[in-house]
Amino acid sequence: MNAAPDVLSAPLRVRFDYTRSVGPTIGTFLTKLRDRKIVGVRGSDGRVLVPPPEYDPITAAPLSEFVDVAAVGTVESWTWVREPLPGQPFDRPFAWALIRLDGADTALLHAVDVAAPEDMRTGMRVAARWAAETTGTIHDIACFEPGEKSDATAAATADGEPITMLTTPVDLAYKHTASPQETVYLRGLAEGKLLGGRTDAAGKVYFPPRGANPTDGRPTDEVVELPDRGTVTTFCIVNVPFLGQRIKPPYVAAYVLLDGADIPVLHLVLGCEASEVRMGMRVEAVWKPREEWGYGLENVDHFRPTGEPDADYETYKHHL
């Protein structure tokens with residue numbers, strides 16, 4: 001690894017729906033938005049905070065005094081978006097602004113629909129433009145626009161039950177460029193090899209390899225090929241189903257210390273009942289068919305018990 005190889009890079013995209021309970025404070029705020037109304041909450045110092053926090057920023061006490069505020073306000077600061085990104089409120093240039101609504105003492109971040117940056121200024125008056133259909137999210141305010149009047153005459157378009165849950169789509173796209181050490185590791189996986197890295201013959205072996213030894217900062221330039229057998233150090237039995245889960249619970253996610261490595265790697269342990277997995281269990285990699293291999297540890301589908309006697313605790317106690 002002294003001669004740095006051409007590093008690998010690839011576009012990556014992470015997408016999932018994040019679902020959470022909103023609690024009584026945010027739930028009230030979202031329920032009022034669905035009714036085309038905006039509320040804040042009064043803090044211990046008398047200020048009206050919008051959006052409403054659950055706890056007082058000064059005393060940390062729970063807050064419960066809700067206060068109606070106007071759907072019109074004043075721009076306190078702003079920035080121009082020349083090239084909108086996917087998922088933003090508009091597919092044309094617009095402004096993000098901090099807007100202090102009438103009756104509020106803090107600012108709300110939202111989009112302002114104007115044609116050019118010359119149309120934006122600090123201190124300008126703006127009004128909420130409501131979505132045609134309201135469902136109880138911040139998107140019920142489609143945007144703000146210059147003016148003194150917000151049209152909130154239409155009736156709410158969702159049922160009257162309080163909002164208790166919120167699902168937010170998460171979509172993150174980026175390009176990942178691997179380090180030289182990671183590139184060697186990934187190319188090894190594409191060839192069916194498990195490659196770690198260390199600083200010298202006396203150093204610890206890190207798998208996956210790191211660019212530098214975290215204890216002294218020296219580069220981990222020595223490549224070490226590891227066997228696909230190891231020892232379970234710690235583990236978790238997954239009993240809760242979730243969206244996108246490809247294995248029916250219960251199953252085991254375990255840290256496996258490969259023979260010759262000094263740091264365990266997280267992977268699935270299958271091939272036995274979840275209740276049979278234990279610390280010290282000896283396991284081996286089960287590889288996917290060769291035609292399914294790529295540049296990733298998912299080439300190893302899972303680990304399974306080897307049937308060997310359990311490893312002695314002394315051999316892995318420093319790797320928990």
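Analyst: Cysteine 236 has 43% relative accessibility, so it counts as partly exposed (buried is under 20% relative accessible area, exposed over 50%, partly exposed in between, with a 1.4 Å probe and protein chains only). Keep in mind that this is a predicted model, where local features need pLDDT of at least 70, side-chain atom pairs need 80 or more, and totals for chains, interfaces and linings use all residues. Numbering runs from 1 along each chain as its sequence is written, and side-chain values use heavy atoms, without hydrogens or water.

Does cysteine 236 have a partner, or none? The disulfide count comes to zero, a disulfide being two cysteine sulfur atoms within 2.5 Å. For cysteine 236, the nearest cysteine sulfur belongs to cysteine 272, 15 Å away. Cysteine 272 is likewise in no disulfide, its nearest cysteine sulfur being that of cysteine 236. With 23% relative accessibility, cysteine 272 also counts as partly exposed.

Now for a buried spot. Threonine 74 sits in strand 5, residues 72-81 (helices are DSSP runs of H or I, at least four residues, strands of E, at least two, numbered from the N terminus). Threonine 74 counts as buried because its relative accessibility is 18%. Its side chain makes a polar contact with the side chain of arginine 125, at 3.0 Å; that takes an N or O pair within 3.5 Å, one able to donate a hydrogen and the other to accept it, with sequence-adjacent residues counting only through side-chain atoms on both sides. Beyond four places in sequence, threonine 74 is in contact (heavy atoms within 4.5 Å) with Leu98, Ile99, Arg100, Gly123, Met124 and Arg125.

Helix 2 spans residues 180-190, and its buried residues include Gln181, Tyr185, Leu186 and Leu189. The buried residues of helix 2 pack against strand 11 (194-198) and strand 16 (282-287). After helix 2 comes glycine 192, with a positive phi near 80°.

Last, the pockets. The largest pocket has 19 lining residues, and Gly87, Ile138, His139, Thr168 and Pro169 lie nearest its centre. Strand 10 (165-177), strand 1 (9-21) and helix 1 (23-34) each supply at least two lining residues there, and strand 10 gives the most to that lining, six.

Methods
On a 1 Å grid over the protein atoms alone, a cavity is a set of points where a 1.4 Å probe fits but cannot get out, and a pocket is an open set with protein on both sides within 12 Å along at least five of seven lines; lining residues have an atom within 4 Å of a point.
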